[in-house]
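Let's take a walk through the charged pairs in this protein. Have the chain open in your viewer and follow along.

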Amino acid sequence: MINISNITIRQGDRLLLENASVQISDGWKVGLVGANGCGKTTLYRAIRGEIETQTGEICYSSHQQLVFVEQEFSPEDLSQKILDYVLSQDKERAELLLQLETASPDEMAQIHEQLKIIEADTAPARAAGILYGLGFSQSEMSQEIREFSGGWQRRIALAAALFRRSDILLLDEPTNHLDLEASIWLEKHLEHYKGTLLLISHDTSILNNICTHIIHFDHGKLVLYTGNYDNFSRTRALRQDILSKQAEKIAAQRKHLQSFVDRFRYKASKAKQAQSRMKMLEKLEDVTLLENDPTTIFSFPPVNVLPSPFLSIEDGVAGYGDKVVLKKLNFQLAENDKIALLGANGNGKSTLAKVISGRLPLLSGSRKVSSKLKIGYFAQHQNTELPLDLSAYEYMQTLMPDKTETQIRAHLAGFGLNKEKALTQIAKLSGGEKARLLFAAMTYDAPQLLILDEPTNHLDIDGREALIKALNDYSGAVILITHDMHFLELTADELWLVEKGQCKKYLGDLADYREHLLLKSQAVCKEEKNAKEKAPVAKGLSWQEKKQLQSTIRKLEKEMSQLSLEKVEIEKKFQALLPTDELIALQKRLTAVEQSLQEAENNWLSVSEKLESNY
């Protein structure tokens with residue numbers, strides 16, 4: 001159990017939590033929700049012992065292993081191969097393997113028994129499975145960490161945290177650097193987690209599908225709700241409704257009593273009754289309504305309608321230099337199209353978005369665009385390019401030099417950036433406020449097409465809901481890339497799948513796509529159902545080749561089973577009192593068996609991946 005008792009936490013002059021308490025039982029999966037800046041990440045730091053609370057305490061058993069995602073890699077870590085690094089995070093396994101190198105024959109038996117208890121023999125396969133689920137191919141697992149970008153390095157850090165044995169797991173926005181495919185895999189993985197999970201997320205899909213409880217940061221207090229996020233929302237709304245009706249009833253009573261007092265307090269014949277009602281007035285208690293978090297605003301300006309289609313690409317080939325990423329691109333865009341791009345990271349979604357926006361010229365083919373088309377582009381890492389030394393107003397002034405101060409301020413206000421925020425230096429704005437500034441910057445000239453590449457990463461739940469409403473009210477076209485399934489469900493009318501170098505319309509819905517990804521991540525190879533009219537499977541391996549791979553997998557599984565049994569039998573023999581030369585021979589045989597088992601596991605993973613990729 002995690003016991004948070006009467007804690008007070010300040011951040012500078014800001015009071016984040018005041019005498020806040022909550023108890024979290026073992027095995028709960030708890031979502032932490034609240035507006036940006038309310039103190040969720042700060043609470044994590046307090047749980048980890050990185051900061052002290054001003055009052056109160058946070059307690060959990062010293063025997064419980066607490067794990068969180070490391071934020072940075074050391075220089076030594078960066079030179080490690082990905083799979084080796086993840087395996088090294090199992091400190092107990094690493095220490096036992098190190099001890100084995102210098103252990104005596106008697107000690108070897110004990111070490112092997114302990115390795116068996118912690119399932120060390122399956123560790124490479126488990127680590128590889130996690131990395132595969134998070135989007136790494138087998139060949140990438142043998143590359144050094146330094147070869148990958150910051151976003152992919154964060155995936156490696158997440159994989160390491162998921163691989164480690166833990167009783168308490170802290171995850172802070174784990175899906176922010178994942179694509180939809182990896183997010184769905186993570187959700188399924190966390191469903192089977194046996195420990196206590198504390199999850200900070202603004203993705204309502206994962207909060208609904210994973211969480212057994214919700215803790216709401218409610219103006220300095222921690223309020224616990226049973227159930228998932230939707231249940232929390234309903235319960236809180238119901239409480240607010242009950243309190244509102246109670247407040248209205250008391251207000252009516254107060255008005256009635258006060259009216260009587262005002263009329264008769266100075267009449268001798270009614271003085272006693274008036275005094276009685278004055279006492280009743282004093283006893284009426286005020287009802288405190290639940291405070292709502294500040295409302296987030298998004299308001300896109302109306303657009304001038306263009307003849308359809310206003311953009312078309314024919315026989316397009318896209319890429320960088322000699323490298324072709326996408327080919328056979330043929331599509332048109334028209335007014336009010338709301339299109340979501342699906343596909344794993346690296347398949348070319350961002351490349352396609354750049355081609356549509358005109359930021360990346362086609363290698364061949366044609367791109368035809370209306371001369372009056374204006375495009376707003378929200379790039380995933382664009383907030384790093386903002387002029388941090390300027391205020392929001394000064395930045396917008398550079399984009400809107402012909403507009404008055406009133407017009408500029410009104411436009412910023414349409415994205416929740418009021419007078420104070422408009423004059424705040426951009427460097428001091430929160431991530432969500434910078435995101436809203438980017439939306440203000442990309443829409444000031446009323447574009448007819450919005451291209452949004454992961455627009456929700458820095459938005460809290462209210463911000464995401466506000467953006468959903470704004471996009472649904474927007475009369476222009478939208479191209480959307482996001483890992484947020486809830487966001488997709490409520491905004492996209494059409495799905496395009498970017499896969500295997502092509503972009504095609506996906507004929508199923510998001511539920512179909514989710515199911516497809518879950519089957520793929522579990523290495524379950526099933527034919528898609530014709531009744532759902534899904535897109536045809538691209539040609540790959542022949543039926544005979546698939547059967548051959550399935551046969552190879554069965555043989556490898558049989559070999560792995562036999563080697564595992566032989567390994568157990570050898571380890572049992574270590575417990576007997578044997579001559580030294582027999583112990584040495586046993587150790588050599590055990591090493592050979594372990595190496596064969598490792599090779600068989602690697603081969604099984606490789607063949608399984610090849611088979612999966614052709615379903």
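Predicted model: local features only at pLDDT ≥ 70, side-chain atom pairs only at ≥ 80, totals over all residues.

Residues are numbered from 1 along each chain as its sequence is written, and side-chain values use heavy atoms, with hydrogens and water left out.

A salt bridge here is a side-chain nitrogen of Lys or Arg within 4 Å of a carboxyl oxygen of Asp or Glu. By that rule, the count is 15. Helices (H or I, at least four residues) and strands (E, at least two) are DSSP runs, numbered from the N terminus.

Start with R236 and D218, whose side chains form a salt bridge at 3.0 Å, N to O. This one ties together distant parts of the chain, 18 residues apart: R236 belongs to helix 11 (residues 229-264) and D218 to strand 8 (residues 213-218). R236 is buried at 11% relative accessible area, and D218 is buried too, at 12%. Buried means under 20%, exposed over 50%, and partly exposed in between (1.4 Å probe, protein chains only).

Next up, R464 bridges to D484, with the closest N and O atoms 2.6 Å apart. R464 sits in helix 18 (residues 461-473), while D484 is in the loop between strand 16 (477-481) and helix 19 (485-491). R464 is buried at 2%, and D484 is buried at 2%.

Finally, E566 meets R589 at 2.8 Å, N to O. E566 is partly exposed at 27%, and R589 is partly exposed at 40%.
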